[in-house]
Structure formats: structure tokens, C-alpha cells
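Hi everyone, thanks for coming. Today I'd like to walk you through one structure, a piece at a time, so please have a look at the screen.

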Amino acid sequence: MPVGIFRVCLVVITAIVNHPLLFPKENGTVPENVEEIIQKMKEREASLRLEQLRLEQEIADQEATQKAVENAAEVVEGSKEEKVRWDMWTALSMVIFLLIELWRQDFQEGNWQDTGGEEDDMAVLGRAFKGVSFPDKAVLASFYEKRILGTTGDVARMREMVEGFADDLLEALRSVCNRDADMEVEDCMGVGSMYENWRVRKPFVCDLIVPFAPPEPYCFRCQAWCSSDSSSPDEQGYGTIKVCRADEDVTGCICDKTKLGEDMLCLLHSQTNTTRPSSEMEDLLCFKNTQYLDADQVMKWFQIAVTKAWNRISHKYEFDLSFSLLDLPGALKIKFRSGKSIAFNLTPVVQYENSDVYFISHFPRSGLAAELPSSTRWFLTFAVYERRFIQLVSKTLPANACHVSCLQILSFVHGKQCSLTGPSGLSNYHLKTVMLHLLQARSSQDWAPEKLEARLQDMLKYLEKCLHEKKLYHFFIGNGKVPAELGFPIIFQRAEPLNLFRPFVLHRDIYRKTVDTFHEMLRNMSALINEYTVHIPLAHTNGIRKEPL
């Protein structure tokens, strides 16, 4: 223990003795002076400031970078929010458009062609009926009995004569045709005003349609405009007819669209079952280098066939037969030796599937449709269903109902007005369409014979309303209220409505001429009717007698 204490004391004494500040050596170095120390401290301070500035710059750069990143994130987030907002508005707009479309379809189904009440019609008419003196019941009844019934008494006998001769002519046509190569002609059917008992103006012309079909093993495949989702408004009411083999697939085989190699063979079609050459397709009345039936070729074939048939049976008749118009397939005229003549139209048609809708190449004496841009596009006619609808509704109406009388009077007056001021855009088919709409809209008791004046005014008001709106829908196309008893094809009931007044939208000059003629007819109606009226005692004007349908 003492030895340890001694050692510690010795070390302390030695350290004290050797400390340079207490006992400096003579040859020892003098410590640095104060100025050098201050200079070094300044240099150190300067280096530290530079380092601080560098660090501050780095921190500022990092903060700027971080801020830029945050701003970019905010922009992205804002764009996302804007996109979400835009997507929301887009979805909302689509929902609104969808609701509007659903409402429009429901509106069309619930209000096919708005017939409205008399007050609404008068509000639309405006000045049309102001200052117009309308004939009363007695004048209308006298006019109808003396002028309409007096000039249509021989219509039934004329129809019977024309139908008998047409059947004989078609039978001769079948005998002169080659059954293995020519078209097969079926029996004819009467359509139009002569067979609906409302034709009033001379010359009386019977309209007959003749369905025809291709020879075996070929068949017609018809496609209406409403069968395609991409049809344009200009294609409404038209269709095409394709000539195919009966055993050919409707959609076609890929071997018809792709060139197979010499060592490849289609397992569905043999080499003998190939498409006919173009020359043979033209023999089937197709358009050049296509399989689509050509209306012009059909017209030429039918005119030649009718000429051959008449040459075979002409010796049996004591009259001459000729074509009255060469731009229609069967506009025929019978000329008797006495100088009298009878005109009728025998028009070839193609049946649409298994219905009574027909494709027709030409509408006789009708301004219903414009010229077709291509001869492979055919009109569709619903004349058979129109005749059946009138017959069906007539069974539910009172005796001697005035619906046909209204149409006859309106057709007569309009025809007289056009003979004075020139033709207009209105046709008898438009007038009949108005009657069909009102027949569906009004109750059966509204067509009693004593209500002739009111219903005639309804037709005029309705027609004026349609002219004002430039909108008159085809009665059958798009009409979901067609009676089921008719068996009308559902595809046409679900189609978009066909506006018969669409040409008025495209041709303003025709529209203005039509409106002016209509207003002139309203002003002249009393004068036109009185001119052809023989007044009779009022006791004979309580009812209207007409031919039964």
C-alpha cells in the first residue's frame, strides 16, 4: 500500500516539473501568436460559411423539388377530379338522352299520330279556316248522292270485266314462258281505290298486282330497310331482293369470299354447286355482275311476256290491247271498236317472306315516292293490308258509315282544285292515310252517316295540322296498334315511323305550292261542291246510300 502511494506521488511531481509553462526550456518552441490564431479562425469561419451556404442551397433545391413534386401531385389529383367530374357529367348526359329516347318511344307507342281534339286542331290551324264557308249537311248529302254515286255506278261491272281478262292474260303468259328458265307468275290481286270503293274521278283505272317467283332451284331473299341498323332516312320504305339458290346459306360461305388454293376443297360446296356466271344471273333478271333483282330488267321481261301472251289470245276478243305508258311494266289499255277504252295496271311484285307485304318496282300514277337511285332498290307496298284494315273496321261501324264518303268528297274536291291551279305535293294516298289514322283514333259511333260534315272537317283539320308540321306518318310502319287480326309483320310495327311528308322538308318550293293549293281548296270548297250539286228536297238528304264494301 505505501509503495503505491509513493509511486503516485512520484508521477505527480514528475508531471509538474516537466510542464512547459512552469519550467520552459531554453531551446523550446514559442507557441503561435495571437494573430496567426485569429487568421486561422477567420479561415475556418469562412470555410464554415461556404459550407453553410452550400448546405442551404442544397436544402433550397430539395425544398423546390419537393414543392414541384407536390404541385405535380396536386395537378394530377385535380385532373383526376376533373376527369371524374367530366365522366360524371358524361354519364349523366347519357342517362338523360336514354330517358328522352325511352320517353320518345313510349310517346310514339301511346300517341302514334297525334289526332288531338278539335280545339287543339283549331289552335294549330290559325287562319286556315277563318272566313271559309263550309257546306252544310244537306248540300254535302245532295252532292254525294248526285255526283259521287251517280258516276260510280258501273265500277263493279268494270272491275269484274278487268279481273276476268287479266286472269285469261296471265294464263296465256304462263303458257308462253319457259317454266324451267322464266319467272313463275301467280294469280293477280286487286288493290287501291277501285277495290276499296272510294275512287271518284275518271278515268277509272284498276290496279292489279301479280306476284312472281324465280324458277327452281332459285328463290328470292328479301331484305327491307328496317332489317339493318345502319339504314339512312333516304332508304326508309325500300328494300332489296337477292336471287339465291334454295339450298344456299343465307349468310354465305367463306369459300365465296376467299380464294381457295388448287389443292383445297370446300366441304360444304362441291365444284358443281357454284354460283352461276354473270350472264346466267342476268337471265334471272339480276343487275349486271350482281345477284340483286333489277326492276328495269323485270319491267322489260314482263312487257315482252304480256305481248306474247296477248298475241296468243287476241283472236278471242273483239278489242285491241296496248301499253298506255312504256315506263311502267303493265300500264295497259283496252280499246273497243266503239271508241271507248278501259285502262288498268298489271304490276309484277315480289312477296316479302310469308306476308302480304310486297316489293313493287313502280307505283302507278303516284307521287308517293321519288325516283329510286338504283334499279336494285324496290318500294314496299302495304296495299293488301290497307284494304283489309278498311274492311275490318267497316264491320264495326254503323250502317252507311261516312268514312268512305269523306274520303270520296275530299278526293274529288282536291282533284278539281288541282285541275284549276296545277298539281300539288298531295296525293290521294295522303288523303287515304289521313282517313286511316282517324278511323283508328275515333270511336265507331263518330262515323254515323249524319256526322258526315263533322268528320269531313276533322279530315281537313288533321291534314292542315300535318302540313303545318310537315309530318304525316305512314299508317302501318311503326304503328304498334295495328289490329292483331290482320296478321301484320311485327318487324314493320317496330320500325321507325315513315314520314310521308319528308319531301316537303327537302323541297320548300313544293311545300309552298302544296300549302297554297290546300288553302285555295278550302276557300273554294263551297263553290266547287255547289257547282256539281243538284238540290233535292231535304227529306232525301237525311242519310247517304253507298255501295257496301
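I'll talk about a pair of helices and then about some strands. One thing to keep in mind is that this is a predicted model.

Let's start with the helices. Two packed helices are described by the angle between their axes and the distance between the axes. Here, helix α8 covers residues 383-394 and helix α10 covers residues 428-441; they pack at an angle of about 40°, and their axes lie 11 Å apart. How do α8 and α10 sit relative to each other? An angle between 35 and 65 degrees counts as oblique, and α8 and α10 are therefore oblique to each other. Their crossing is left-handed.

Now, which residues do the touching? From α8 we have E386, F389, I390 and V393, and they meet Y429, K432, M435, L436 and L439 in α10. Sorted by class, that contact has seven nonpolar residues, two charged ones and no polar ones.

On to the strands. Strand β6, residues 319-325, pairs with strand β7, residues 331-336, in the antiparallel sense, over six bridges. If you look for L325, its bridge partner in β7 is A331. β6 and β7 form a hairpin, and five residues lie between them.

β7 also has another partner: strand β8, residues 341-351, pairs with β7 in the antiparallel sense over five bridges. In this pairing L332 stands opposite F344 of β8. How many residues lie between β7 and β8 in their hairpin? There are four, and in that turn G339 has a positive phi of about 100°.

How values were computed
Residues numbered from 1 in each chain as written. Predicted model: local features only at pLDDT ≥ 70, side-chain atom pairs only at ≥ 80, totals over all residues. Heavy atoms only, no water. Axes fitted to C-alpha atoms, helices over the stretch in contact; angles between N-to-C directions. Helix = DSSP H or I, 4+ residues; strand = E, 2+ residues; numbered from the N terminus. Parallel < 35°, antiparallel > 145°, perpendicular 65-115°, else oblique. Left-handed = near helix turned anticlockwise from the far one by under 90°. Contact = heavy atoms within 4.5 Å. Nonpolar A, V, L, I, M, F, W, Y, C, P; charged D, E, K, R; others polar. Pairing = 2+ DSSP bridges.
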